[in-house]
Structure formats: C-alpha cells, structure tokens
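Biologist: I would like to go through this model with you. Could you show it to me, please?

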Amino acid sequence: MGMKIIGLLGSPLVKGNTAKLLDQAFRGETDAGCEVENIVVPFLDFSPCMEIMYCKEHTTCRLKDDMIPIYEKVREVDSIIVATPVMTMGIPGKFKGFMDRFQVFFMAKFVRKQPLVDPVKKKHRRGLYFVISGMNLPNVFDGSKRTIQSFFQINDCKYWDQRANPRYGYDHGYYSAAGTA
Ligand SMILES: Cc1cc2nc3c(=O)[nH]c(=O)nc-3n(C[C@H](O)[C@H](O)[C@H](O)COP(=O)(O)O)c2cc1C
C-alpha cells in the first residue's frame, strides 16, 4: 500500500478556492498511489485548548471531543498537507484553535522528550502548505506561514514547501490598511 496523506482544509467552503488547491494535490497523490484523507477542520466539533495541562503527563487530551481520533490519525500518517485561506492576515480562527490542541504533541516532544511520532516515520514525514489570500500584499502570508511551520515542527513533519497565491480579489481599503499597518 502507498503512503498515507492527510489533508487539513482550513476553509469552510468545500468547493472554495482553498479546497480547489487541495483537490489538485490529492489528485496528484492518488495518481502516485497514495491513500488520502481530507479533514474539513471547520466542521469538527472541538473546544479551544483550556490549558488544563493534562497532556503534560498524558499522551492525549482530557477534553473528549472530535480532536481525540485526530491525534491518532496525525501520528500514523506519512505526510500532511495543510490548506488555508488568509483571514485577518493570519490563520482562520478555528484552524488556529485546532493547531493549539496539538499541545498534546508539544508536551510529548519537548517536555517529556517522548515524541508521539515514531522515529522511523519522522525521517520521511513532510508538511506542505497551500495558502491563498484575497489581497496581493507584500507580507500577506507571513503570519500564516510562521504558524504552520511551528505546527509541522510540533508534529514532526519537515516543512517541505509552500504554495502561496494571492487572488487579487479584495482590492479595497480594509485589507490594504491591514497590510500596511
Ligand atoms: C473573514 C475573512 C477574513 C479575510 N481576511 C483576509 C486578509 O486579512 N487578507 C487577505 O488578503 N484576504 C483575506 N480574506 C480573503 C480570503 O483569503 C480569500 O477570499 C480566499 O480566497 C478565501 O478562500 P476560500 O474561498 O477557500 O474560503 C478574508 C476572507 C474572510 C472570509
């Protein structure tokens, strides 16, 4: 069987711009014999990290919600593709909340020094990031990229590459002001 890849979609629009990019990537992977799974993060039901710190001593989270099976999936996959739009010059809120819940992986790796990802798997795990914005501003992808790089590091996926495309669609004052502030 081929490699297992998880796609994490950060847009609620399953036929939107971000989803189209992810679909293209899935097509390439399926052609290459990979097994792909798409997780639409905005549709998951989970709480933000409540800083209970249960994960400081446990390999999971005490909050029993949709994140619990996700941890197991992320441990097992060979690579991860994240695809998000830019929102408010960064990561969409729900997707940020999703990544914060990976404190479970952070504690295991950096505090207990017992990473949840198998060291053999870690060697080939890669993270690829697709990001799209409405505005064509110089630093429009900086915030999102920084956060995703950190997410991949916590999950033992080597940051492989990114594809960042502005759509030029939001050419009005608000986002221009946000970009130049
Ligand atoms: C709530 C919200 C906030 C946004 N904030 C920004 C922004 O700060 N900068 C920007 O360039 N585009 C911004 N956009 C535009 C989106 O990045 C753009 O429309 C993108 O194509 C949406 O992708 P989707 O269709 O896959 O959801 C925002 C869109 C929404 C809905």
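Predicted model: local features only at pLDDT ≥ 70, side-chain atom pairs only at ≥ 80, totals over all residues.

Modeller: The protein chain has 181 residues, for which a compact globule would have a radius of gyration near 16 Å; the chain has 17 Å, which agrees.

Biologist: How many helices and strands are there in the protein chain?

Modeller: The protein chain holds seven helices and five strands. From the N terminus on, their order is β-α-β-α-β-α-α-α-β-α-β-α.

Biologist: What share of the residues is buried?

Modeller: Buried residues account for 31% of the 181 residues.

Biologist: And strand 3, is it enclosed or open?

Modeller: Strand 3, residues 79-85, is largely enclosed by the rest of the structure, because seven of its seven residues are buried. Ser79, Ile81, Ala83 and Pro85 point one way, while Ile80, Val82 and Thr84 point the other way.

Biologist: Which strand does strand 3 join through seven bridges?

Modeller: That is strand 4, residues 126-133, which runs parallel to strand 3. Within strand 4, Tyr129 stands opposite Val82. Strand 1 is also joined to strand 3, by five bridges, and the two run parallel. Here Leu9 has Ala83 as its bridge partner.

Biologist: Changing topic, where does Pro12 lie?

Modeller: Pro12 sits in the loop between strand 1 (4-9) and helix 1 (17-31).

Biologist: Why does Pro12 count as partly exposed?

Modeller: Pro12 has 15 C-beta neighbours inside 10 Å, so it counts as partly exposed; a buried residue would need 20 or more. Pro12 and Lys94 are 82 residues apart in sequence, yet their C-alpha atoms are 9.8 Å apart in space.

Terms used
Residues numbered from 1 in each chain as written. Helix = DSSP H or I, 4+ residues; strand = E, 2+ residues; numbered from the N terminus. Buried ≥ 20, exposed ≤ 12 C-beta atoms within 10 Å, placed from the backbone. Pairing = 2+ DSSP bridges. Rg over C-alpha atoms; globule rule 2.2 N^0.38 Å.
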